[in-house]
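Visitor: Hi, I'm new to looking at proteins. Please walk me through this one.

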Amino acid sequence: MKASSKKLRKILQEWRKRKNGQFVVYSKDNKRFVVPLCYLNHPIFRVLLEMAEEEYGLPIHGPLRVPCEKELVEYILGVFAKVDSIALHNFKEENNAKILSTVLSSYV
């Protein structure tokens with residue numbers, strides 16, 4: 001394993017410990033994005049972080065800069081948000097169905 005991958009892993013672990021659940025990323029053209037920590041688990045975001053490491057190195061302190069334009073970052077975050085929304089909707093639907101079946105079975 002590369003030493004830089006270990007550093008990246010350590011930084012990600014530190015970010016996950018934060019209480020507010022978010023971190024800041026800047027695009028190549030200095031657009032600021034506040035990103036939920038849960039996005040760190042997604043493989044696409046991992047690739048983006050590896051690209052940032054190759055392009056700029058790893059920051060010791062401060063926000064991360066990714067090597068792409070703001071439109072691409074907006075698109076990626078939009079896809080993540082849509083997937084999260086669909087997953088939440090499906091979770092609610094599944095739980096509502098379970099609750100409804102439990103309630104109905106108690107009346108039968």
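Visitor: Let me just pick a spot. Which residues does S27 touch, apart from those up to four places away in sequence?

Guide: Leaving out residues up to four places away in sequence, S27 touches F33, R65, V66, C68, E69, K70 and V73. Touching here is a contact, meaning heavy atoms within 4.5 Å.

Visitor: Before we go on, what kind of model is this?

Guide: It's a predicted model, where local features need pLDDT of at least 70 and side-chain atom pairs count only at pLDDT 80 or more, while totals for chains, interfaces and linings use all residues. Residues are numbered from 1 along each chain as its sequence is written, and side-chain values use heavy atoms, with hydrogens and water left out.

Visitor: Got it. Back to S27: where is its place, and is S27 buried or exposed?

Guide: S27 lies in the loop between β1 and β2. With 0% relative accessibility, S27 counts as buried. The cut-offs are under 20% relative accessible area for buried and over 50% for exposed, with partly exposed in between (1.4 Å probe, protein chains only).

Visitor: What share of the residues is buried?

Guide: Of the 108 residues in the protein, 24% are buried. The accessible surface comes to about 7900 Å², and 57% of that belongs to carbon and sulfur atoms. Those areas come from the Shrake-Rupley method with a 1.4 Å probe; for residues, only the protein chains shown count as cover.

Visitor: And among contacts between residues at least 6 apart in sequence, what share joins residues at least 24 apart?

Guide: That share is 56%.

Visitor: New topic: rings. How many aromatic pairs does a search of the whole structure find?

Guide: The search finds 3. One of them is F23 with F45, an edge-to-face pair with 5.8 Å from centre to centre and 80° between the planes. F23 is in strand β1 (residues 22-26) and F45 in helix α2 (residues 43-56), so to speak a link between distant parts of the chain, 22 residues apart. Both F23 and F45 are buried.

Visitor: What counts as a pair?

Guide: Rings of Phe, Tyr and Trp (its six-membered ring) pair if their centres lie within 6.5 Å; planes under 30 degrees apart are stacked, over 60 edge-to-face, and the rest tilted.

Visitor: Why is the pair of Y39 and F80 described as it is?

Guide: The ring centres of Y39 and F80 are 5.0 Å apart and their planes sit at 70°, so this pair is edge-to-face. Y39 is in the loop between β2 (32-36) and α2, while F80 is in helix α3 (residues 70-107), 41 residues apart. Y39 is buried at 9% relative accessible area, and F80 counts as buried at 5%.

Visitor: Which residues form one aromatic cluster?

Guide: F23, Y39, F45 and F80 do.

Visitor: What about V35: which residues does V35 touch, not counting those up to four places away in sequence?

Guide: V35 touches G21, Q22, F23, V25, F45 and L77 on that count. V35 is in strand β2 and is buried, at 1% relative accessibility.

Visitor: Now N30. What phi does N30 have?

Guide: N30 has a positive phi of about 65° although it is not a glycine. Most residues other than glycine have a negative phi. N30 is in the loop between β1 and β2 and is exposed, with 51% relative accessible area.

Visitor: Last one: which residues form a nonpolar patch on the surface?

Guide: L72, Y75, V79 and V83 form the patch, with about 370 Å² of accessible area together. Patch residues have over 30% relative accessible area and no salt bridge, with like charges joined within 9 Å and nonpolar side chains (Val, Leu, Ile, Met, Phe, Trp, Tyr) within 5 Å. A salt bridge is a side-chain nitrogen of Lys or Arg within 4 Å of a carboxyl oxygen of Asp or Glu. Y75, in helix α3, counts as exposed at 58% relative accessibility.

Methods. Helices (H or I, at least four residues) and strands (E, at least two) are DSSP runs, numbered from the N terminus.
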